[in-house]
Amino acid sequence: MFYFEKINNKKILKSTLIENAFFTTKESFIKTKENNLIATINQNKKEILNFCGASKIIMPEQRHTSNVSVVDKNQSEYPNTDSLILKDKNILLALNFADCVPLVFYDDVLNYGAIAHAGWRGTEAQIGVLTVKKMLELGSKTTNIKALIGPCISKCCFETDCEIATKLYKTIDSDIKNENNKCYPDLKEINKIQLQKIGIEKIDIAPYCTVCDNDLFFSYRKENQTTNRHSAILQIR
């Protein structure tokens, strides 16, 4: 179940399924306004670090790839990486979003987790499944992995090329249904089924659409290709 909480009077979104993860909102943190871009991001990072009691925050260079990496405490930059696995308690993991699907994973037995960035390209490449497979290689069991599907563009607002929609639904062995010759793929549902097919059963899905709930979350599509982003944050207990 998702609910709102606050950090320094700034609203964040959390889930009872993975309490050590949260999503920032338009009230909080990654608010990249004009001349104060660097200062704003640095202040945002400082507030998050202070709240979580961590010493460092890692933010990879997201490029809509299907690349999955494991965080190394001696490494700060992760180019062309859209999924990171975190094991270190002193480091926070943050990925940024504005319509794409945030996927958060946590193994509460081995005490580590991951965040993946799944736009339509990442969803077609099944980056969530690739992340789980990497966690399985590291010793996890699917029965111990919990997953969050965070706020993103919902089916109601995601009109796209039907060829793209067909590719997305093929990943779950399903056919796309045209609605008046238009296609509206459900990225949340597709990612959920992809994860269920690999054996993930504990999944919480945020009931928010970045377009419909644009007062809370940034939308690349609705806000004229905005560079502003909300974030998914993961901390190891």
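Visitor: Leaving aside its neighbours within four places in sequence, which residues is Gln 194 in contact with?

Guide: This is a predicted model, so take the contacts as computed from it. Gln 194 touches Thr 123, Gln 126, Val 129, Thr 171 and Ile 172.

Visitor: Is Gln 194 buried or exposed?

Guide: Buried means under 20% relative accessible area. Gln 194 has 2% relative accessibility, so the residue counts as buried.

Visitor: Where does Gln 194 lie?

Guide: In helix 5, residues 187-198. That helix has 12 residues and reaches 17 Å from its first C-alpha to its last, close to the 16 Å expected. Just after helix 5, Gly 199 takes a positive phi of about 115°.

Visitor: Which residues of helix 5 are buried?

Guide: Start with the general idea. An α-helix has 3.6 residues a turn, so residues three or four places apart point the same way. In helix 5, the buried residues are Leu 187, Lys 188, Ile 190, Asn 191, Lys 192, Gln 194 and Leu 195.

Visitor: What is the volume of the largest pocket?

Guide: About 730 Å³. Of its 24 lining residues, His 64, Asn 96, Cys 100, His 117 and Arg 229 are the closest to the centre. Strand 7 (91-97) and helix 2 (120-124) each give two or more residues to the lining. The lining divides into 10 nonpolar, 7 polar and 7 charged residues.

Visitor: Where does pLDDT stay under 50?

Guide: Where pLDDT is low, the predicted coordinates should not be read in detail. Here that concerns residues 31-37, where pLDDT stays under 50. For the protein, the mean pLDDT is 92, and 94% of residues reach 70 or more.

Note on methods:
Residues are numbered from 1 along each chain as its sequence is written. This is a predicted model: local features need pLDDT of at least 70, side-chain atom pairs count only at pLDDT 80 or more; totals for chains, interfaces and linings use all residues. Side-chain values use heavy atoms; hydrogens and water are left out. pLDDT is the predictor's confidence in each residue, from 0 to 100. Contact means heavy atoms within 4.5 Å. Helices (H or I, at least four residues) and strands (E, at least two) are DSSP runs, numbered from the N terminus. Buried means under 20% relative accessible area, exposed over 50%, partly exposed in between (1.4 Å probe, protein chains only). The expected span of a helix is 1.5 Å times one less than its number of residues. On a 1 Å grid over the protein atoms alone, a cavity is a set of points where a 1.4 Å probe fits but cannot get out, and a pocket is an open set with protein on both sides within 12 Å along at least five of seven lines; lining residues have an atom within 4 Å of a point. Grid points are joined across faces, edges and corners, and a volume is the space filled by probe spheres set on the points. Ala, Val, Leu, Ile, Met, Phe, Trp, Tyr, Cys and Pro count as nonpolar, Asp, Glu, Lys and Arg as charged, and the others, Gly among them, as polar.
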